[in-house]
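Subject: Structure for you to look at

Hello,

Here is the structure I said I would pass on. My notes on it follow below.

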Amino acid sequence: MFSFANPHLLYLLFLLPVVAGLFFLARLARRKKLARYGKIANLESLMPEASRYKPGIKLILQLLAIAALVIVLARPRAGAKEESAEVQGIEVMICLDVSNSMLASSNDDPKGVSRLQRAKLVLEKLIDKLDNDKIGLIVFAGDAYTQLPITTDFVSAKMFLNSISTEMVPSQGTTIGAAIEMAMNSFTPSEDMQKAIIIITDGESFDDDPIAAAKSAAEQGVQVDVIGLGSTKGALIPIGRNGQFLKDDQGNPVTTRLNEEMAKQIAQTGNGIYVQGASSTVVNDIAEQLDTLAKSNIERVVYAASAEQFPVFAWLALIFIVLDIFMLDRKIGWLKKINFFSKQNKKL
């Protein structure tokens, strides 16, 4: 089976007829200029070293080199076969708070990194530790939305993670309960698979009952861990880039505080742990807690690395380029004496 890793780059092959067309236009313009000085047949005798055929040969070599380089960029693969491997892991659904309060500072410094940015940094490091697990991502504020279904594709997980912003959920609030329920519905039906939910929030206000949702999850054997972000002293919520802050209906700046007590209750009810997001050990603490869950078999599909075929075309491109460099426009000396297109009369 022959395939390409970047098939869209093959559209660059359409450049070949363009290059060939430009070549023939240049040759035609050259003949028109020469025609100003006389008949072409007569002028050719004044340029005995100029070859009629080599420019065309050089063009072919250049076109072949371009084609080979395009194929190299497209990364051809042949003979690839899928290999299935069994690994041990668990399923983890991450529920990330994207309410406006997550724009506030994640520590006591008013100009510190935002809670949302700190959450992304923590999750990026945590994903690197979940080598053999399945992960999914849910964002929530006034509503909860699945951003990434449960998967083993960590590259996509990090890609979605980087694109998260507070503008993803139009309605404001903190519906942790709805996020937990959505996470429960996002797991695979397998009863043997151990599952965990990681909630990352400042937990300032609640529009539902997260304690009841965490209790329901625990009763179904799902662990609920919580990472709390923000300061209990409170912080203002910046809006825009002009140094302004969010204000209430009376025009007073809104102060947002980490509700650490509620976050701890959710984790305790969900048979999990609570970790302060500003802690230097937050990633290791959550990873060690997830390691307490029994691992189950997760089937992954891997591809044989030997299927890459681009080196062959890279060598071909190099050969064509070298041949083009050393091929001059002059006639070949030993071929001058041979006339391939005339007939000699022989006497009987």
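Is I266 buried or exposed? With a relative accessibility of 2%, I266 counts as buried, where buried means under 20% relative accessible area, exposed over 50% and partly exposed in between (1.4 Å probe, protein chains only). I266 belongs to helix α8 (residues 260-269).

Before the rest, two notes on the source. The model is predicted, so local features need pLDDT of at least 70 and side-chain atom pairs count only at pLDDT 80 or more, while totals for chains, interfaces and linings use all residues. Residues are numbered from 1 along each chain as its sequence is written, and side-chain values use heavy atoms, with hydrogens and water left out. Helices (H or I, at least four residues) and strands (E, at least two) are DSSP runs, numbered from the N terminus.

Helix packing

Helix α3 (residues 54-74) packs with α10 at an angle of about 155°, the axes being 8 Å apart. Axes here are lines fitted to C-alpha atoms, for helices over the stretch in contact, with angles from 0 to 180 degrees between N-to-C directions. The two helices are therefore roughly antiparallel (over 145 degrees; under 35 is roughly parallel, 65 to 115 roughly perpendicular, the rest oblique). Helix α6 (residues 176-186) and helix α7 (residues 210-219) cross at roughly 20°, and their axes come within 7 Å. That makes α6 and α7 roughly parallel.

Surface patch

L69, W315, L318, I321, V322, I325 and F326 make up a nonpolar patch on the surface, with about 740 Å² of accessible area together. Patch members have over 30% relative accessible area and no salt bridge, and nonpolar side chains (Val, Leu, Ile, Met, Phe, Trp, Tyr) are joined within 5 Å, like charges within 9 Å. A salt bridge is a side-chain nitrogen of Lys or Arg within 4 Å of a carboxyl oxygen of Asp or Glu. Helix α10 (residues 310-326) gives the largest share of the patch, 6 residues. F326 lies in α10 and is exposed, at 69% relative accessible area.

Backbone

Most residues other than glycine have a negative phi. R75, in the loop between α3 and β2 (76-78), has a positive phi near 55° and is partly exposed at 33%. N271 also has a positive phi, about 60°; N271 sits in the loop between α8 and β13 (274-276) and is exposed at 52%.

Regards

Key:
Accessible areas come from the Shrake-Rupley method with a 1.4 Å probe; for residues, only the protein chains shown count as cover.
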